[in-house]
Amino acid sequence: NIYTKAATMDLEQVDVVIVGAGLSGINAAHRVQTQVSNYSYIILESRESIGGTWGFFKYPGLRSDSDVFTFGFPFKPWTKDKSIADGASILEYIKDTAHEFGIDSHIRYKHKLNKASFSSSSACWTLNVTDSSASDPTEKHIKAKFVFFCTGYYSYDEALPSIIPGIDQFKGTVVHPQFWPDGLDYENKKIVIIGSGATAITLLPNLSEKASQVTMLQRSPSYIVGLPAVDKATMLIRSILPAHTAHSVIRFKNALIGYLFVTYCKYFPERAKKMIIRETEKLLPENIPVSPHFTPKYYPWQQRLCLCPDGDFFAALRSGKGNIATGKIRNFTENSVQLENGDEIEADIVVTATGLKIKLLGGVQLEVDGKIVEINQKHVWKGSMLQDIPNFFFCIGYTNASWTLGSDIASRFATRIIREMSQKNQEKVVPVVEDETNFISTPLLDWQSTYIQAAKDSFPKVSTVGPWQGRSNWFYDMYQAFFAKHEGLVFSQAEHKKTQ
């Protein structure tokens with residue numbers, strides 16, 4: 001049995017509750033069942049299916065924005081050729097992994113966690129859950145020793161509100177990528193995509209396959225880097241080594257290349273900027289200048305770079321069916337977008353790829369000993385726990401590498417700490433700032449992206465000292481997860497045992 005029922009009330013008891021059945025949640029489940037195999041666990045998933053982002057988004061061309069070897073599971077080899085994978089393949093990979101390792105039998109679909117309350121007296125969480133798996137939703141309570149949030153960082157229910165002047169006057173179809181309608185007919189249509197992030201750069205080449213014209217309208221440009229969809233070095237390694245060994249070697253190789261590139265951009269920002277712009281210029285058609293469309297005001301990796309497999313974004317521009325415009329929107333007419341510089345772009349469909357609405361921890365209310373926790377007043381411990389919140393773990397990924405490299409670090413920290421607590425007969429662990437000397441708070445995500453800035457006041461913080469610093473890089477963090485001392489953590493037994 002993966003859980004036991006209490007003798008009284010409709011109350012389940014389980015050792016670990018994982019919240020979210022996306023890629024990070026499935027990875028966390030594998031870590032739990034292999035690293036602390038004597039601990040029972042369940043996964044609470046508010047939706048009706050597995051996969052998180054990859055089972056939710058439906059827009060054309062959905063794909064990863066980093067290579068799938070670092071993005072995927074470290075324990076499950078990726079067997080397809082493409083390193084930049086499409087959404088359907090990633091979803092299939094997640095489902096196959098969950099089934100192969102028996103993780104899918106632990107998932108409770110349509111179970112939405114509303115509130116989580118920790119009691120120091122019993123060193124236990126009580127979770128208030130709405131079960132909508134039957135025709136009549138019911139309220140359940142689950143007790144758990146540990147909770148592990150793998151909910152991602154955005155809202156599934158609503159997109160980021162954006163102020164687009166005059167869009168109510170537009171008589172065509174307005175679509176947000178997060179809620180792409182089934183069966184949307186865009187064949188031979190004129191489409192304007194508002195935005196310049198990864199979603200917009202993914203949509204343009206895919207929509208241009210059927211549409212008559214697709215224009216990406218951006219207020220300010222981003223860096224766009226073309227990479228081969230199939231990496232020759234990866235294919236060579238896979239032809240020589242066994243599958244699991246090859247997967248680990250390729251994962252290490254890609255993480256190292258990414259780290260070296262980010263480091264180069266950090267220490268030689270002007271050279272990196274010129275290099276990217278120079279390579280971009282080579283891929284553009286003659287009628288599209290590199291400036292102002294591909295010359296951001298910031299340096300590379302001050303915001304996330306956008307990838308396009310095999311340069312498909314630039315190929316769409318060269319075909320003549322894709323276009324790009326840079327400027328601010330002045331107004332809309334019934335069938336066009338008017339810019340402040342006087343340009344006007346005709347449109348049948350407008351796609352508002354303006355960002356996601358940040359929603360940390362799935363919006364769940366946290367309480368510790370009856371007091372509501374304001375997470376924006378807390379600091380993050382080694383990217384895996386929150387200050388003053390006991391027996392609590394959560395996934396924060398990297399902004400300058402694959403997100404899931406970071407979420408796996410959190411899983412490794414969690415299982416190592418749980419295992420050591422079991423060995424030492426401890427029941428409670430809480431991150432505590434014991435010395436506030438020189439303790440300076442800094443933003444968790446110090447980026448200027450619109451959707452990050454819109455939610456900056458809701459984020460927990462990091463600091464410049466000790467275990468409260470933000471994530472460094474995957475190699476250093478892996479060392480920390482395996483060998484570092486647990487500086488800043490306080491271990492104890494339940495309060496009622498202390499008084500006995």
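Me: Which hand does the crossing of H6 and H7 have?

Reply: In this predicted model, helices H6 and H7 cross in a right-handed sense.

Me: What are the angle and the axis separation at which H6 and H7 pack?

Reply: H6 covers residues 232-240 and H7 covers residues 243-267. They pack at about 155°, and their axes lie 9 Å apart. Angles over 145 degrees count as roughly antiparallel, so H6 is roughly antiparallel to H7.

Me: Which residues make the contact between H6 and H7?

Reply: From H6 come Ala-233, Thr-234, Ile-237 and Arg-238. H7 supplies Ala-246, Val-249, Ile-250 and Lys-253. By class, the contact of H6 with H7 has five nonpolar residues, one polar and two charged.

Me: How is the packing of H1 and H10 to be read, as roughly parallel or roughly antiparallel?

Reply: Start with the angle: helix H1 (residues 23-35) and helix H10 (residues 403-423) pack at about 30°, with axes 9 Å apart. Angles under 35 degrees count as roughly parallel, and therefore H1 is roughly parallel to H10. The H1 and H10 crossing is right-handed.

Me: Which residues of H1 and H10 make the contact?

Reply: On H1 they are Leu-23, Ser-24, Asn-27, Ala-28, Arg-31, Val-32 and Gln-35. On H10 they are Trp-403, Thr-404, Ser-407, Asp-408, Ser-411, Arg-412, Thr-415 and Arg-419.

Me: How do the residues of the contact of H1 with H10 divide into nonpolar, polar and charged?

Reply: The contact of H1 with H10 contains four nonpolar, seven polar and four charged residues.

Technical notes:
Residues are numbered from 1 along each chain as its sequence is written. This is a predicted model: local features need pLDDT of at least 70, side-chain atom pairs count only at pLDDT 80 or more; totals for chains, interfaces and linings use all residues. Side-chain values use heavy atoms; hydrogens and water are left out. Axes are lines fitted to C-alpha atoms, for helices over the stretch in contact, and angles run from 0 to 180 degrees between N-to-C directions. Helices (H or I, at least four residues) and strands (E, at least two) are DSSP runs, numbered from the N terminus. Angles under 35 degrees count as roughly parallel, over 145 as roughly antiparallel, 65 to 115 as roughly perpendicular and the rest as oblique. A crossing is left-handed if the near helix is turned anticlockwise from the far one by less than a right angle, and right-handed if clockwise. Contact means heavy atoms within 4.5 Å. Ala, Val, Leu, Ile, Met, Phe, Trp, Tyr, Cys and Pro count as nonpolar, Asp, Glu, Lys and Arg as charged, and the others, Gly among them, as polar.
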